[in-house]
Amino acid sequence: MTTKPRREAAVKRPISITAVVDAVGALAAGNMHGHLYMYDTNKSGGSTGFGTEELQTKARRGDQILWNCLALECEAFVAIDDIIIDRDICEPVRKVYPGTDVAYWTGTVKKDAGPITYQIKFRLGTRDEPITTTLSSSLVG
């Protein structure tokens, strides 16, 4: 009798959420409205709202979420300062890629729930205070 080796469970990839920020526009306006374009890597899983401030990321309990941001203008500084979300659902933590000063945020969805909205605080340019999104993206179960 031959036995087949067990297939190891496939490693689940994190859902990556990228915020593309028009830093010049947001700094001029003093807000993020119309200057933020959100995307994620779970379109085939059912995410919607790509390219808007109201991205709806399809995520379930156990999914790891990874948030990062990019500046629309290559010379502009943008960084995520905080992610405001119900900590009972997901608790984002700031991390840095080893050997760099490039930061990202990650968190694991703790339980399935209806749409859970969140807002992101961004550091832009040399501005002292972060700018918080006015519209909310969400995690949808």
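These legends describe an overview and close-up views of a predicted model. Residues are numbered from 1 along each chain as its sequence is written, and side-chain values use heavy atoms, with hydrogens and water left out. Because the model is predicted, local features need pLDDT of at least 70 and side-chain atom pairs count only at pLDDT 80 or more, while totals for chains, interfaces and linings use all residues.

Figure 1. Helices (H or I, at least four residues) and strands (E, at least two) are DSSP runs, numbered from the N terminus. Along the sequence the order is β-α-β-β-β-β-β-β-β-β-β. The C-alpha trace spans about 70 × 35 × 25 Å along its principal axes. Of the 141 residues, 38% count as buried. Buried means under 20% relative accessible area, exposed over 50%, and partly exposed in between (1.4 Å probe, protein chains only).

**Figure 2. Cys69 and Cys74 form no disulfide.** The chain has zero disulfides, a disulfide being a pair of cysteine sulfur atoms within 2.5 Å. For Cys69, the nearest cysteine sulfur is that of Cys74, 15 Å away. Cys69 is buried, at 17% relative accessible area. Cys74 counts as exposed, at 77%.

**Figure 3. Asp63 pairs with Lys12 in a salt bridge.** A salt bridge is a side-chain nitrogen of Lys or Arg within 4 Å of a carboxyl oxygen of Asp or Glu. The whole structure holds four. In this one, the N to O distance is 2.5 Å. Asp63 lies in the loop between β3 (56-58) and β4 (64-71), and Lys12 in the segment before β1 (15-21), so the pair ties together parts 51 residues apart in sequence. Is Asp63 buried or exposed? Asp63 is buried, with a relative accessible area of 7%. Lys12 counts as exposed, at 61%.

**Figure 4. Arg123 meets Asp81 in a salt bridge.** The N to O distance is 3.1 Å. This pair links distant parts of the chain, with Arg123 in strand β8 (residues 116-124) and Asp81 in strand β5 (residues 78-84), 42 residues apart. Arg123 is partly exposed, at 28% relative accessible area. Asp81 is partly exposed, at 29%.

**Figure 5. Lys110 and Glu91 join two loops.** Their side chains meet in a salt bridge at 3.2 Å, N to O. Lys110 sits in the loop between β7 (103-108) and β8, and Glu91 in the loop between β5 and β6 (93-96), so the pair ties together parts 19 residues apart in sequence. Lys110 counts as partly exposed, at 41% relative accessibility. Glu91 is partly exposed, at 42%.
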